[in-house]
Amino acid sequence: MRKRLNLNETIDKVQYEQFKKERDYWKQVLLRIIAVVKFLAKHNLAFRNGNFLGVIEMLEEFDPVIKEHVRRITSDGLHVHYLGHLIQNELISLLAQEIKKEHIKKIKEAKYYSIILDCTPDSSHQEQMTIIVRYLTLSYNSVTVEESFLGFLNVDDTSGK
């Protein structure tokens with residue numbers, strides 16, 4: 001048994017190799033989907049109106065991993081494909097959390113900062129308060145002012161209390 005383990009010739013070697021291949025495939029698919037989410041978010045493009053799937057279709061023309069993924073979805077009836085709106089929203093949320101952590105880390109390191117609050121109604125006439133933090137970043141011989149949007153808060157009372 002030890003000899004077989006050392007030579008990597010166990011009974012389940014074939015199944016393990018298939019598992020590793022499938023794991024690597026899904027990792028590559030998710031990396032590309034995350035890249036699409038980051039691209040759309042960076043350029044302030046909506047995920048609806050077919051933008052997300054449009055970018056996936058464009059990638060399919062050039063990327064063999066996405067081409068294989070779309071082939072699996074259309075031919076095999078693959079049910080878990082990570083292209084639906086739920087995974088998009090989850091990825092957006094996870095990326096937003098990481099970005100917010102980085103902003104908060106920079107703010108904590110800053111010597112000076114200010115908090116800017118502003119209220120405005122959204123499209124459904126619900127009053128929302130934006131939270132923005134302006135802070136200084138210091139490097140060797142320069143000081144830069146940075147501004148970070150931290151989020152929205154729903155406001156029930158606009159009387160100033």
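These notebook entries record what I looked up about the pockets of this structure.

**Entry 1: the model.** I noted at the outset that the model is predicted. I also recalled the idea behind the search: rolling a probe the size of a water molecule over the atoms shows where empty space is left.

**Entry 2: the largest pocket.** I looked up the volume of the largest pocket and found about 260 Å³. I then listed its lining, which includes Val-37, Lys-38, Leu-40, Ala-41 and Lys-42. Asn-44, Leu-45 and Phe-47 also belong to this lining, as do Ile-92, Leu-95, Ala-96 and Ile-99. The elements that give two or more residues to the lining are helix H2 (13-42) and helix H5 (85-109). I asked which element gives the most to this lining. Helix H2 does, with five residues. Sorted by class, the lining has nine nonpolar, one polar and two charged residues.

**Entry 3: the second largest pocket.** I recorded a volume of about 180 Å³ for the second largest pocket. Its lining is made up of Ala-96, Gln-97, Ile-99, Lys-100, His-103, Phe-149, Leu-150 and Gly-151. Helix H5 and strand S3 (143-154) are the elements that give two or more residues to this lining. Helix H5 gives the most, with five residues. I counted the classes here as well: four nonpolar, three polar and one charged.

**Entry 4: the two linings together.** I set the two lists side by side. Ala-96 and Ile-99 are in the lining of the largest pocket, and both are also in the lining of the second largest pocket. Helix H5 gives two or more residues to the lining of the largest pocket and gives the most to that of the second largest pocket.

Conventions
Residues are numbered from 1 along each chain as its sequence is written. This is a predicted model: local features need pLDDT of at least 70, side-chain atom pairs count only at pLDDT 80 or more; totals for chains, interfaces and linings use all residues. Side-chain values use heavy atoms; hydrogens and water are left out. On a 1 Å grid over the protein atoms alone, a cavity is a set of points where a 1.4 Å probe fits but cannot get out, and a pocket is an open set with protein on both sides within 12 Å along at least five of seven lines; lining residues have an atom within 4 Å of a point. Grid points are joined across faces, edges and corners, and a volume is the space filled by probe spheres set on the points. Helices (H or I, at least four residues) and strands (E, at least two) are DSSP runs, numbered from the N terminus. Ala, Val, Leu, Ile, Met, Phe, Trp, Tyr, Cys and Pro count as nonpolar, Asp, Glu, Lys and Arg as charged, and the others, Gly among them, as polar.
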